[in-house]
Amino acid sequence: MSVRASTRPSIIATAILVLGALYCLLPVAWVVVASTKSAGELFSTLTFLPSTHLLDNIAELVAYRDGLFWRWMANTALYAGVGGALSAIVSAMAGYALAKYQFAGKAAVFNVLLAGVLVPGVVLAIPQYLMLAQVELTNTYWAVLLPSIISPYGIYLARIYAAAAVPDEVVEAARTDGAGELRTFAQVAVPMMLPGLVTVFLFQFVAIWNNFMLPYIMLGDDRLFPITVGLSGLLNQGASQPAMYTLVITGALLSVIPLVALFLLLQRFWQVDLAAGAVKA
Amino acid sequence: MTTTNDLAGALGGTAPSRTTQVPRRSRTVPARRAAAPWAFLAPAIVLFVAFLAAPILYSLYLSFRTEKVSGLGLGPGSRTEVWNGLTNYTSALADPEFLASVGRVGMYGLVVVPVMLGSALLFALLLDARRSRARRFSRIAIFLPYAVPAVISSLLWGFLYLPGVSPFYWVFDQLGWDVPSLFSNRLVLFAVANIAVWGGVGFNMVVIYTALKAIPSELYEAAELDGASQVGIALRVKIPIVLPSIIMTFVFSMIATLQVFAEPTTLRPLSNTISTTWTPLMKVYRDAFTRGDLYSASATSVIIAVATFVLSLGFLRLVQSRAFGQENNR
């Protein structure tokens, strides 16, 4: 069999891929169309028949309770952006220490931190709430931000990146040149680990953006809500006032746009090797 | 062979190429350097203790306590916290609502995990196959749902399930067929499962695809020359090599499945078949925050955590030595 034969396009393979792609695009296409419909049209016109009310819907959403929607978007950006950045920094330091130093208790520290990957959020939710309530931090930005910084998986990834991208010789050379430990880390190791750290940041960013239970439990004041909890609340009101449904749908569309844009721009960082280093032929 | 350097390359990083020759230092390290790793680890350890370790211990403590009400339980001091032994656990395990939610999530997991990982593996292999077309478009499109939070995706699918909105109902209507509601008792599980599959398939596909791309092509070029089919190569060469990645996606999917909460909670306003105790986690939330019974809620959450641990640890044992020991045995 010639090599040419094995590169002949396969209709079945292509069809399966395209079907998968269409399945994944279906709800996204729907929300784009649905956000152009008025409340009356939503349940009466054909599903994928667009209408002309997009700008009305956006105006209504923006006007809803003096721009509460934008506040939710800003809150989400704050929780996910600041939380993700802090998480990447903390993970980078811990991962570097675990990869580049030999010290007593290293294996124990790593195993305990790693076990955190398996801890289901459910056991944490109630006690975290009670503990933060005792220091009167529930229903504040801190209640969502602080528990989001620690990421066992981020530390695990950072350790792998540090081991892979920062050669021991370079660290030794920096030390020989008289650089302190912190300077060696910040000016030599971090630039080498940077692409990996972007991945850690993105992971945590999405995890925080996705985390529904934590803000749902911690926050009572709807001006502190992230977009997910806010829209979920609007949907609840929709049961009694169907006009809310158009707000929810338009809100869903607008809230997804920045994240999708971020994904497309940063595609090259989404190469995930969960079992990194595991494949050793 | 795939080493950590390939990972750095795969991540677009600068694979370390410059090697500086330095004389090996003597074994005595200055005290400052001995303290350095602990200083670097300090923020992580403090946060780990405060937001992971301490809450777990606190949860355990609460799960053995209960509130004793004296008199009518009205005046101050009429409610006191006392030890309750294993009672919270025995009553949780005997609670029919809890058992029903466990059964439901078990069924849900049996649907979600194989369908999601099976399609993720299939898509990853097809993306890696030279004979597929539209690869770039498909990869981006299938990964896109990962950018959509579970609440938003539940909301989108929730509307698509409503007979007034759904295109499927319209098609069935035109054909004159009678369709059962997706929110009926029998189908609601699949309705929720579909949302989880939709949200997770792309991420798992990328994980497996990344592992596939790391396979050096020499490994299957020989088989290709021998006339092995692409399917044969996928089954006999590619899948065995990426097995560790598949096992990891399996463990993470299982953990996520046991904790399903956002999807059914979001769908509740659209459907009256999803109860407040539909999943174990929803029951924990209801007990703790609607009923104010933190003690039995803690016991239930500890049971879920232990079950998660036992299940996932079993699988992790399989890969641990290979997955987590990499820079020690270089």
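**Close-up views of chains A and B**

**View 1. Helix H13(A) and its packing partners.** The buried residues of H13(A) pack against H5 (68–100), H12 (213–218) and H14 (243–265), all helices of chain A, and against helices H6 (150–161) and H11 (262–267) of chain B. Those buried residues are Ile227(A), Thr228(A), Val229(A), Gly230(A), Leu231(A), Ser232(A), Leu234(A) and Leu235(A); "buried" means that 20 or more other C-beta atoms, placed from the backbone, lie within 10 Å of the residue's own. H13(A) has 12 residues (227–238), which should span 16 Å at 1.5 Å a residue, and this agrees with its end C-alpha atoms being 16 Å apart. The expected span is 1.5 Å times one less than the number of residues. Helices here are DSSP runs of H or I with at least four residues, strands are runs of E with at least two, and both are numbered from the N terminus.

A quick note on the model: it is predicted, so local features need pLDDT of at least 70 and side-chain atom pairs count only at pLDDT 80 or more, while totals for chains, interfaces and linings use all residues. Residues are numbered from 1 along each chain as its sequence is written, with chains lettered from A and ligands numbered from 1 in the order in which they are written.

**View 2. Helix H7(A).** This helix takes in residues 121–134 of chain A, 14 residues in total, and reaches 20 Å from first C-alpha to last, close to the 20 Å expected. Its buried residues include Val122(A), Leu124(A), Pro127(A), Tyr129(A) and Leu132(A). After H7(A) comes Glu136(A), with a positive phi near 55°.

**View 3. Where chain A touches chain B.** Here 102 residues of chain A are in contact with 111 of chain B, contact being C-beta atoms, placed from the backbone, within 7 Å. On the chain A side, helix H2 (residues 11–34) gives the most, with 13 residues. That side divides into 75 nonpolar, 20 polar and 7 charged residues (nonpolar: Ala, Val, Leu, Ile, Met, Phe, Trp, Tyr, Cys and Pro; charged: Asp, Glu, Lys and Arg; polar: the others, Gly among them).

**View 4. H4(B) crossing H8(B).** The axes of H4 (residues 96–128) and H8 (residues 188–213) of chain B come within 7 Å and cross at roughly 35°; axes are lines fitted to C-alpha atoms over the stretch in contact, with angles from 0 to 180 degrees between N-to-C directions. By class, their contact has 23 nonpolar, 3 polar and 3 charged residues.

Definitions and conventions: A residue is buried if 20 or more other C-beta atoms lie within 10 Å of its own, exposed if 12 or fewer, and partly exposed in between; C-beta atoms are placed from the backbone. Two residues are in contact if their C-beta atoms, placed from the backbone, lie within 7 Å.
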